[in-house]
Structures are given as C-alpha cells and as structure tokens.
Amino acid sequence: MITRSLRPYLLSALLSLPVGTLQANELPALGNSASGYVSLQQEHELGRLWLRQLRAQATVIDDPLATQFLEDLMYRLIPHSEVQISDFEFVIVDRRELNAFAVPGGIIGIHFGIFLHTRDEDELSGVLAHELAHLSQRHFARQLEQADRQGPLAIASLLASILLMAAGSPDAGFAGLIGTQAASIQSQLAYSRDWEREADRLGMKTLAAAGLDPYAMPSMFQRMLQASRFNERPPEFLLTHPVTESRIADAADRAQQYPQQPRLSGYEFRILQNLSQVRYQLRGDQQQTHFSETLKRHPRSSTEHAAALYTLARLQLEQQPARALETLQQIPSPWRDHSATVALRAQALQATGQADAALKAINEALPFSPTDYNLLMTRARLLDSQNKAAEAVLAWRRLTELRPGEPAIWQALGSAAAANQQSALAYRANAEALFYRGQHAQALQQMGQAVRQAADSGDFQQEAALKQRQQVMANTPSRF
C-alpha cells in the first residue's frame with residue numbers, strides 16, 4: 001500500500017506524465033486486490049482531478065435548477081445503494097447525446113440532452129442507479145488491476161479516455177490517445193458482461209428501495225437499443241455499456257421480483273425536459289409557438305401545463321419581462337409557490353424595475369427552503385444587479401461554503417469582491433474559479449496576487465491563510 005505521505009508525490013509524478021510515455025512496466029505497484037490497488041482516498045483525489053480536467057475540456061451547465069434536480073435525484077438513490085463514500089459532486093455537460101457517468105471518488109454526471117431521451121424521473125434514475133452500482137462494486141479499481149496485469153493500458157490513459165467520453169469526444173477517447181491501443185482502451189472502458197449484470201441487479205435493488213419503479217430500468221434500456229438501431233452512432237452511454245435483447249429480458253425478469261410503482265414526472269423534471277428541447281431541438285422562432293401549443297394539449301391542472309408556462313416565461317424574460325410576469329401569474333397552485341417559480345418571478349420583477357419586490361419574494365421564500373440552491377443563487381445575483389456589493393459578497397461567500405468546488409460561484413464572488421474593493425478576496429476567488437476549471441497555472445498566478453494584496457494591506461492573518469491555500473494548490477496534480 002502507498003503511505004499517505006508518499007501518495008501526493010506518486011499522483012503528481014504519474015499524472016503529470018504525457019499519456020504516451022506511460023508504459024506498462026512504469027505502473028506503480030499499488031497492490032493485488034481491488035480494495036488495495038486503489039484506495040478510496042486515491043479515488044477521491046483522482047476523481048477531483050478528473051472533474052477539473054472535464055471542466056477544462058467541456059462546456060458545463062451552471063443552471064442551479066438543473067444542478068439541484070440532479071442532486072436531489074441522486075440523494076434519493078444514494079442511501080439505498082452500497083457506495084462506501086459520502087462526498088459526492090455533480091456535473092451536467094452541455095451535450096445533447098444520451099449519456100451518464102459515475103467516476104471513482106463520487107463524481108456523478110449527465111449530459112443535459114439525456115432529458116430528451118427519458119420519459120420520466122424513474123427512467124433517468126434507472127440509468128443513474130446502474131452507474132452507482134458500478135461505483136459501489138469498485139469496478140473502476142478492478143479494471144485498473146486487470147489493466148496492470150494485461151499490459152499496456154496505463155492508469156492515466158484509462159482516466160483520460162473516460163474524460164474524453166464524458167466530454168463528448170468518443171472517437172478521440174477510443175482512438176486519439178495512443179493510436180494502436182484504441183481497441184484495448186475500448187475494451188477496458190466497456191464493463192464486462194458480469195459487471196454489467198451485477199450493476200443491473202444492484203441498480204434495480206437501489207431503484208426499488210428508493211420507491212421508484214424497477215420496470216423503468218428495462219424500459220430505458222429498450223429505448224436505448226431502439227435509438228441505436230435508427231442512428232449511425234449509438235447513444236454515448238451504449239459505447240461503454242452495451243445493451244442486448246437478452247440483457248433487457250434479464251432486467252425485465254428481475255423487475256418482476258419487485259412491486260411496480262407509479263412513475264414520477266415532477267415539475268422540475270418537465271421544466272428541464274422543456275429547456276433541453278429549447279437548447280438542442282427548437283429554433284428560436286419555434287420555441288414560444290411550441291410551448292403555446294403544449295398548453296393547449298394539457299389541462300390546466302397538469303404538471304405539463306405548469307411547466308410549459310414556466311418555460312414560456314423563461315423565454316420571455318430577456319425581451320419581454322412584463323409579459324413573463326403575466327405568464328407566471330397563470331401558473332396554478334401548487335406550482336406557483338414552487339421555489340423555481342418564485343426565483344423566476346423575482347428575476348422578472350427585477351427586470352421590470354421592481355427591485356425591492358424581487359428581493360422580498362426571495363427573502364420570504366428562503367426560510368422555508370434555506371439551502372435551496374436556485375433561491376440562494378437568485379438572491380446573490382439580485383444583490384449584484386442592485387449594486388449592493390457588500391451584501392452580495394456575503395451572499396456569494398455563503399454559497400462558497402455550501403458548494404466549495406463550484407467555479408461559477410467563486411467567479412461571481414470575485415466580481416462582487418472587486419466591486420466592494422476587497423482586492424485580496426477578489427484575487428483569491430478568481431484563483432479558486434480557475435483552479436476548479438482546471439486552469440492551474442492561471443490559478444496560482446491569481447493566488448500570488450491575493451497573497452501580495454493581503455501583505456500590502458498588513459492583514460497577516462489573511463496572508464497566512466492565503467499562503468496555506470496557495471501551497472495546497474501548488475502541490476495538487478494539474479493534469480493527466
């Protein structure tokens with residue numbers, strides 16, 4: 001086993017090497033079993049490095065409503081899974097393809113386009129429960145162990161391939177890294193049949209225990225298989241998780257061991273489905289017409305009707321904020337008081353010059369949902385818009401405490417701190433944003449500026465804290 005004192009040096013040396021230079025005989029001897037080969041702490045460190053690299057290479061969705069929905073969905077599943085970790089981070093990639101991924105260390109992600117392909121929350125949960133099962137069974141560590149025994153595929157190559165797959169570059173992931181080893185990489189990325197069956201079994205158990213419909217897993221697999229038949233390229237997810245008729249039949253047989261549950265298609269899910277259509281399927285001149293027609297097809301008491309009204313208001317917000325307010329007023333209870341609706345109404349009030357009413361709407365909702373990401377982000381942005389820099393700094397700082405690894409929040413804090421003439425904090429916040437986006441050298445530059453600003457102002461306590469954080473950043477591996 002690698003001692004804690006040697007681990008950072010090993011990771012730095014291993015992950016800073018160009019992929020092509022890592023030969024089989026250069027792999028570190030990490031042990032002989034999956035649990036000893038890569039520890040949970042190493043998986044955590046590798047996972048965070050992987051996430052920073054993903055953000056450096058792919059466009060991510062920073063929408064707090066989408067992020068919170070994914071988190072809530074996952075935290076419904078996680079307590080019923082067998083994962084041995086509790087520290088998770090979630091990311092949504094701005095790609096239209098059907099894909100979901102779980103990276104060792106607790107990194108869970110989806111392509112935003114997955115909402116185009118799932119009919120309800122249960123189907124989406126079925127995909128994610130399957131990915132959680134891969135994590136819980138340490139299949140990644142077991143792949144690395146096999147890769148070490150079989151030869152040329154190095155750890156960095158495998159992680160970099162998974163990164164390119166998640167970022168939406170499957171051809172590069174399979175073929176662009178080390179040329180002649182493309183087939184070996186694809187073989188290693190694709191889980192074995194036994195591991196897929198194991199993930200299906202445990203994923204379905206998790207799905208049922210969470211009160212979701214176990215039949216959603218085979219139905220989602222069936223939809224994936226159909227999608228692959230009518231497209232030149234199968235969905236991204238199927239490239240590493242092959243689905244066959246026999247596997248779908250096995251999943252359907254297994255689902256019969258559990259009671260069938262009514263499917264969930266909540267307000268947030270329908271909104272995100274709509275926004276995915278706006279982003280990937282509908283031209284600008286089609287969007288409002290499409291959702292106006294949706295209103296006619298669904299009764300006023302339905303979730304679909306309420307979600308279509310929300311989507312229309314969101315489309316109207318930038319150019320027609322007064323009309324957006326009118327549209328939001330048409331949303332019936334209980335959806336009118338949903339935090340998503342409240343946050344959008346506050347933005348529309350701000351856009352129509354009703355700044356006090358906008359803040360009041362958010363402040364009245366927060367006591368009922370004090371950690372609601374969408375409400376907290378909306379409040380901080382409202383304070384920015386109203387040039388209340390000191391209050392905005394406090395709001396953004398609270399969000400960095402709740403979500404310390406989120407670069408968009410750090411970037412916003414940097415802007416607010418600069419407006420409030422808090423130079424050291426502004427530089428530090430900019431450094432954190434760059435760091436979590438995988439821009440390591442620029443982050444260290446900004447942190448150096450923060451240290452100098454603190455020293456020049458005579459704030460020695462802040463200077464010491466910044467130096468400590470600077471050292472942590474400098475000692476953190478920056479790339480594969």
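## Sheet and helix packing

In this predicted model, an open sheet is formed by 3 strands in the order S1-S3-S2, with mixed pairing. Strand S1 (89–93) and strand S2 (100–103) are the edge strands, each of them pairing on one side only.

Helix H4 (residues 64–77) lies across S1 and S3, and its direction is at about 130° to S1.

A further arrangement concerns two helices. Helix H23 (residues 423–436) packs with helix H24 (residues 440–456) at an angle of about 165°, the axes being 8 Å apart. Because angles over 145 degrees count as roughly antiparallel, H23 is roughly antiparallel to H24. The crossing in which H23 passes H24 is left-handed.

On the H23 side, the contact is made by Ser423, Ala424, Tyr427, Arg428, Asn430, Ala431, Glu432, Leu434 and Phe435, while H24 contributes His440, Gln442, Ala443, Gln446, Met447, Gln449, Ala450, Gln453 and Ala454. The contact of H23 with H24 divides by class as follows.

| Class in the H23–H24 contact | Number of residues |
|---|---|
| Nonpolar | 9 residues |
| Polar | 7 residues |

Methods
Residues numbered from 1 in each chain as written. Predicted model: local features only at pLDDT ≥ 70, side-chain atom pairs only at ≥ 80, totals over all residues. Heavy atoms only, no water. Axes fitted to C-alpha atoms, helices over the stretch in contact; angles between N-to-C directions. Helix = DSSP H or I, 4+ residues; strand = E, 2+ residues; numbered from the N terminus. Parallel < 35°, antiparallel > 145°, perpendicular 65-115°, else oblique. Left-handed = near helix turned anticlockwise from the far one by under 90°. Contact = heavy atoms within 4.5 Å. Nonpolar A, V, L, I, M, F, W, Y, C, P; charged D, E, K, R; others polar. Pairing = 2+ DSSP bridges.
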